Amino acid sequence: VASAPDAPPTPPGTPAPLQIVDLPVAEDDSASPRRLVPEVSGRTVREAVLLLHRRGFRVRVTGSGVVRGSHPAAGATLAPGATVQILAGDAP
């Protein structure tokens with residue numbers, strides 16, 4: 001057992017002092033439940049974005065006005081923080 005560089009040497013037969021070491025822990029994504037993408041067609045962009053954000057998704061908007069659909073489509077399951085693209089009325 002190595003001691004700290006500026007600590008006095010430990011005499012033979014003496015137990016070494018305990019040291020606490022912080023180790024990084026990887027987040028376990030499997031603990032995050034997947035979430036259902038809600039139906040947003042027919043809603044205003046504002047309503048759709050609010051609904052998707054409340055479900056834990058990020059949102060990318062194409063167009064404005066009334067939502068025509070989303071990608072992934074309603075009913076798909078995604079991890080929290082995933083991006084849902086909504087396509088609105090005057091989208092190209």
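The model described here is a predicted one.

β5 pairs with two other strands. With β2 it runs parallel, and 5 bridges join the two. With β3 the pairing is antiparallel, over 4 bridges. Gln 85 in β5 takes part on both sides: Arg 60 stands opposite Gln 85, and Gln 85 is also the bridge partner of His 71.

## The chain as a whole

The protein chain contains 1 helix and 5 strands. Starting at the N terminus, the order of these elements is β-α-β-β-β-β.

Of the 92 residues in the chain, 17% are buried. The chain exposes about 6900 Å², and carbon and sulfur atoms supply 57% of that area. Among contacts between residues at least 6 apart in sequence, 50% join residues at least 24 apart.

## Helix α1

Helix α1 spans residues 45–54, and its buried residues are Val 45, Ala 48, Val 49 and Leu 52. Viewed down the helix axis, these buried residues fall within an arc of 95°, so they line one face of α1. The spacing follows a general rule: an α-helix has 3.6 residues a turn, so residues three or four places apart point the same way. The face of α1 turned away from the buried side carries Arg 46 and Arg 54, which are exposed.

The cover over the buried residues of α1 includes β2 (58–62), β3 (67–71) and β5 (83–88). Val 45 gives one example. Apart from neighbours within four places in sequence, Val 45 is in contact with Val 61, Ser 64, Gly 65, Val 67, Ile 86 and Ala 88. After the helix comes Gly 56, which has a positive phi, near 95°.

## The nonpolar core

The largest nonpolar core has 12 residues: Val 37, Val 40, Val 45, Ala 48, Val 49, Leu 52, Phe 57, Val 67, Leu 78, Val 84, Ile 86 and Ala 88. Two or more residues of this core come from each of α1 and β5. The largest share, 4 residues, is given by α1. In soluble globular proteins, nonpolar side chains tend to be buried together.

Key. Residues numbered from 1 in each chain as written. Predicted model: local features only at pLDDT ≥ 70, side-chain atom pairs only at ≥ 80, totals over all residues. Heavy atoms only, no water. Buried < 20%, exposed > 50% of the residue type's maximum accessible area, 1.4 Å probe, protein only. Arc of directions from axis to C-beta. Contact = heavy atoms within 4.5 Å. Areas by Shrake-Rupley, 256 points an atom, 1.4 Å probe, with all protein chains shown as cover. Pairing = 2+ DSSP bridges. Core = buried A, V, L, I, M, F, W, Y, C linked by side-chain atoms within 4.5 Å.
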